Amino acid sequence: MPLTNRHLLGLQGISKEDIQLILDTTKTFREVLERPIKKVPTLQGKTVVNLFFENSTRTRISFELAERRLSADSVNFSASASSVTKGETFKDTIRNIEAMKVDMVVVRHSAAGTPQFLTRVCDASIINAGDGIHEHPTQALLDMYSIKEKLGKLEGLKVCMVGDIAHSRVALSNIYGLTTMGAKVSVCGPSTMIPRYIEELGVDVIYDIDEAIQENDVLNVLRIQLERKAREYFPSIREYSKYFGITEERLEKNGKDILIMHPGPINRGVELSSSVADGLNQIILQQVTNGVAVRMAILYLLGTLN
Amino acid sequence: MKIILRNVNLVNPGQKINLSGTNVIIEGGKISKIGSLDPEDFKGEKKEFDLTGKYLVPGFFDMHVHLREPGREDEETVISGCNSAANGGFTGLACMPNTEPAIDSAEVVSLIKKQAADHLVNVFIIGAATLGRKGEFISPMAELKESGVVGFSDDGVAIKTAAILKRVLEYSAMYNLPVIEHCEDETLAGGAMNEGLNSTMLGLPPLPSVAEDLIVARDLLMAEYTNGRIHIAHISTKKSVELVRQAKKSGVKVTAEVTPHHFTLTDDSVKTYDTNYKMNPPLRTKADVEEIINGLKDGTIDCIASDHAPHSAEEKEVEFEFAPNGIIGLETQIGIALTELYQKKILSLEQVVEKMAVNPRRILNIPVPKFNPGEPADFTILDTDEVWTVDFNQFKSKSRNSPFNKKLLKGRALGVINKSRMYFMGEYFDI
Ligand SMILES: [Zn+2]
């Protein structure tokens with residue numbers, strides 16, 4: 001059974017069957033990654049361009065590894081979004097890539113909607129590797145796969161996204177994907193970081209981190225941006241970590257065995273204390289490994305569509 | 001040359017005229033006769049137009065146009081903007097001062113006037129309210145008034161502070177000229193679309209409706225306090241319409257305009273990330289559109305204006321967040337107003353004419369064309385029945401940034417007459 005869509009732009013509107021197919025395929029590739037020779041010839045002769053307009057070493061490396069392990073030819077293109085805000089350069093770049101007759105484009109960009117824009121101007125399959133504060137579907141899929149791997153299911157689970165929801169592409173994709181798979185999603189963070197009308201997506205809003213710990217099976221803790229612009233949304237790092245940071249004491253106090261996830265990179269001592277980041281409840285490094293498998297699955301499913 | 005317009009319906013709410021199936025003769029650019037025709041009338045060199053079923057109305061007037069000259073002549077010039085206006089059915093327009101340099105001196109005013117002098121379309125000019133539209137010092141308003149400006153605005157942004165707004169209103173009140181406000185609180189500005197569920201789902205930086213409401217409230221209070229005249233440009237929120245309605249009741253000298261996109265589209269349109277749906281103020285919600293329609297019906301909103309904002313394709317065909325705000329509207333505006341307001345029986349034809357020909361001129365103290373023998377002929381000819389499809393390749397504007405391309409509309413302008421010239425079926429000729 002193939003995927004319904006030839007692009008992966010986001011998880012909004014993606015069917016349960018398609019997500020299930022991706023997660024099942026991920027399992028196969030997860031096994032490949034345990035072999036001594038972690039390479040399969042599946043995408044031999046296919047060309048993938050990794051188009052990164054925003055710095056994200058982790059996501060790029062994860063995609064590159066996935067592409068190599070599927071034997072695809074891959075090319076990297078990196079540019080800062082600011083250097084292409086003139087527009088002409090951006091469109092020229094896209095036209096150039098189109099002219100190279102590539103099969104798939106993995107795109108990361110600081111502006112929301114860029115992957116949609118690409119589908120209108122080039123023929124390749126587009127994979128969204130994060131667009132602004134919109135979606136980051138591969139991250140959400142690897143989060144979902146990791147939860148399922150650890151807890152055996154998604155349906156009926158309660159998952160809370162913690163932190164700056166308003167400026168997170170990871171949160172939105174997780175909300176769409178998990179809700180489709182039958183999990184109950186909540187968000188927890190300072191009210192200034194919770195976007196308006198998020199409840200209309202079927203999400204509960206919690207402002208008390210202890211309540212979030214008690215009520216949920218999984219905490220997916222997001223990275224807090226520390227640069228000046230983001231800092232306008234909360235008084236101080238100290239106050240943030242005191243009221244929303246996850247510490248061992250807090251987990252003990254609530255006496256709860258809860259799964260801790262983080263998309264990385266972690267600000268230790270801010271959203272997660274070091275002891276929690278390295279503790280028994282977390283699966284942060286498994287997430288990284290699963291990230292490669294999920295991306296292999298997506299590249300495989302889209303690359304072999306026709 | 002003598003022009004005979006035969007069997008046409010005459011509608012001019014400015015004079016409470018509503019005549020059907022009459023004839024109009026124009027000689028030397030002036031109306032020479034209205035009524036039945038004699039054999040005498042057909043003598044001499046003449047051009048006849050059978051306008052059975054069509055309407056002759058006072059020339060339409062768009063009080064919110066960005067002509068981009070001086071500064072961005074690649075996007076629009078005074079002449080291309082006027083051609084666009086004529087093709088869209090307008091005989092007059094007022095252009096906004098956010099050019100480069102801004103229209104804050106008599107020199108820039110006379111430059112634009114010179115460019116427009118020979119065109120069929122009358123170009124009126126809105127001067128900057130503050131020097132360079134920077135919100136620090138009031139512009140030379142007396143000098144601007146003397147050179148012919150008909151209002152003041154820092155459009156693109158609101159007048160920066162309450163203190164300078166107070167002085168602008170006080171000073172402009174000496175000349176009874178309106179202050180036209182782009183209502184947006186600068187500290188809440190910068191978003192790419194209306195704040196709401198859609199901005200959350202699309203991951204686009206939000207621009208809250210309260211940014212508009214705050215400045216509308218400030219401006220209404222200040223207009224009341226100074227007894228100055230305030231005109232709310234491109235009103236877009238429910239709350240702002242309610243505030244203006246209330247202020248009008250209590251006697252504040254306020255008028256308001258709305259654009260065709262704000263009474264037809266909502267932020268749902270942004271879902272495709274098409275930058276032709278990016279403008280400022282942004283497209284709002286269904287509730288806002290409904291209240292705007294109420295405001296058009298009950299007269300809270302005085303007029304319809306396009307906020308015609310040409311942008312080059314290179315600038316507009318980029319990531320949504322990076323694209324400039326604004327769309328063109330001169331050549332779709334009448335069709336949209338007729339389709340969405342007149343055909344749907346929200347407004348009568350008289351009301352449409354009021355909002356697109358009569359009221360904009362009254363706000364700017366410009367005489368409204370009169371249908372009397374001896375008066376200059378300043379007309380728009382409307383066909384309210386023609387069904388047509390917008391094709392931006394037919395636009396006379398230099399730019400193409402319209403969200404209404406390929407839209408099916410019912411009703412359009414067939415031509416215009418003004419300044420002893422006629423534009424009909426795509427051609428200009430002297431009359
Ligand atoms: Zn404006």
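The questions and answers below concern a predicted model of chains A and B.

In this predicted model, local features need pLDDT of at least 70 and side-chain atom pairs count only at pLDDT 80 or more, while totals for chains, interfaces and linings use all residues. Residues are numbered from 1 along each chain as its sequence is written, chains are lettered from A and ligands numbered from 1 in the order in which they are written, and side-chain values use heavy atoms, with hydrogens and water left out.

Colleague: How many disulfides are found over all chains?
Modeller: A disulfide is counted as a pair of cysteine sulfur atoms within 2.5 Å. For C82(B), the closest cysteine sulfur is in C95(B), and it is too far for a bond because the separation is 8.6 Å. Over all chains, the search of the whole structure gives 0 disulfides.

Colleague: Is C82(B) buried or exposed?
Modeller: Buried means under 20% relative accessible area, exposed over 50%, and partly exposed in between (1.4 Å probe, protein chains only). The relative accessible area of C82(B) is 0%, so this cysteine is buried.

Colleague: How many residues of chain B are in contact with chain A?
Modeller: Contact here means heavy atoms within 4.5 Å. On the chain A side 27 residues take part, and on the chain B side the number is 17.

Colleague: Which residue of chain B forms a salt bridge with R196(A)?
Modeller: A salt bridge requires a side-chain nitrogen of Lys or Arg within 4 Å of a carboxyl oxygen of Asp or Glu. Between chain A and chain B the count is 1 salt bridge. With the closest N and O atoms 3.9 Å apart, the partner of R196(A) is E195(B).
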